[in-house]
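The entries follow in the order of my look-ups.

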Amino acid sequence: MKGIKIIATASAAPANSYDNEKLCTMVDSDPEWIETRTGIRNRHICTNENAVSLAVEAGEKLFAKADIDKSRISAVIAATSTPEFVFPSVACMAAKELGLRREILAFDLSAACSGFMYALETARCYIAQNGGMALVIGTEKLSGIIDYTDRSTCILFGDGAGAALIESSDKLYHHVSGCEADIRALSLKGPGDGDRFVHMDGHRVFRFAVSILKEVVDKLLSDTGLTISEVNYVICHQANARIIDAVKKKYPGQEHKFYMNLEEYGNTSAASIPLLLSEMFEKGLLRDGMKVICAGFGAGLTWGGTLMEI
Ligand code: ACO
């Protein structure tokens with residue numbers, strides 16, 4: 001199976017932010033409660049930005065870092081649950097703003113917080129077959145679908161985008177994914193009657209998240225014949241620090257490999273994994289040849305993970 005090479009990554013987040021103190025002036029909660037129950041202290045919230053502009057900002061930063069011939073890009077996939085328009089897609093508009101050629105595949109992908117993992121795998125298959133490079137984006141304006149009077153959801157979510165430019169390679173790459181319909185756990189209505197806010201059964205999501213993350217990590221390891229000690233980092237979707245803490249306890253001695261940045265961004269859904277990748281490359285934590293697990297889970301329910309050499 002063909003793997004991928006990550007050519008460059010970048011991210012974008014709105015300048016405006018709500019820390020726990022500010023949020024607690026808007027909703028009946030407590031900054032310390034939020035921090036101890038979630039690990040989140042801050043989240044970036046759009047003012048004039050939207051899922052397209054964040055995607056474009058991340059893309060522009062990426063092209064500023066990677067001096068590549070843009071005509072080699074053959075696909076743009078944007079994972080998002082919060083597109084500015086149902087159509088035209090974020091991917092289509094971002095491709096134009098970023099000056100990409102017209103003869104490409106560009107579409108949005110909906111798999112909630114697993115979106116970036118689904119998009120990465122879809123893009124990998126596409127370029128393995130068709131060649132070229134793919135721009136894979138996770139971008140969200142979750143503040144647009146959050147009820148800021150609902151303290152069980154508004155404390156968790158933030159806005160942002162991350163992008164990765166990839167091409168085919170012979171490096172190790174293995175993917176697993178799955179789905180299981182469950183409207184009770186997490187839902188957001190589409191066109192028609194009813195409100196347009198995220199509804200969540202927090203306990204149900206929590207239980208699912210802890211068990212599926214362990215299942216995904218174990219399956220990736222057993223399928224590739226690797227042990228967790230041979231993996232450099234486990235990069236999980238950032239939903240709640242307590243979810244990740246519960247998972248890392250299952251891998252004694254390996255806890256330091258579970259990198260987190262949700263303290264600053266909260267849960268940015270499809271953007272969280274590319275935001276992490278970008279930050280970790282920037283900090284020099286990720287280097288050529290390292291083996292990394294990325295694992296996402298979210299509404300659907302959906303889950304997806306890769307074990308790859310970067
Ligand atoms: N501030 C203060 N008190 C609160 C708040 C709040 N924001 N929210 C709930 N409480 C109260 C409750 O009313 C309850 O009070 P009671 O005991 O008097 O009834 C108490 O705190 C405990 O409530 P729980 O719901 O049991 O709190 P819990 O520790 O489970 O934390 C949370 C809630 C943070 C939502 C947690 O269940 C969670 O993180 N679940 C996973 C959610 C998640 O990951 N969502 C991501 C969705 S998308 C995705 O990425 C998959």
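I worked from a predicted model, in which local features need pLDDT of at least 70, side-chain atom pairs count only at pLDDT 80 or more, and totals for chains, interfaces and linings use all residues. Residues are numbered from 1 along each chain as its sequence is written, and side-chain values use heavy atoms, with hydrogens and water left out.

Entry on the ligand. I found 24 residues around the ligand, the closest being Ser-29, Arg-37, His-203, His-237 and Asn-240. An N or O atom in the His-203 side chain lies 2.7 Å from a ligand oxygen; for the side chain of His-237 the distance to a ligand oxygen is 2.6 Å. A polar backbone atom of Gly-202 is 3.0 Å from a ligand nitrogen.

Entry on the core. I took a nonpolar core as buried (under 20% relative accessible area, 1.4 Å probe, protein chains only) Ala, Val, Leu, Ile, Met, Phe, Trp, Tyr and Cys residues joined through side-chain atoms within 4.5 Å. The largest has 48 residues, of which Leu-221, Val-234, Ile-293 and Phe-297 touch the most other members. I noted for Val-234 its contacts (heavy atoms within 4.5 Å) beyond four places in sequence: Val-217, Ile-228, Lys-257, Phe-258, Tyr-259 and Ile-293. Another core, of 32 residues, lies apart and includes Leu-109, Tyr-173, Met-280 and Cys-294.

Terms used. Buried < 20%, exposed > 50% of the residue type's maximum accessible area, 1.4 Å probe, protein only. Near = heavy atom within 4 Å. Polar contact = N/O pair within 3.5 Å; in protein donor to acceptor, adjacent residues only side chain to side chain.
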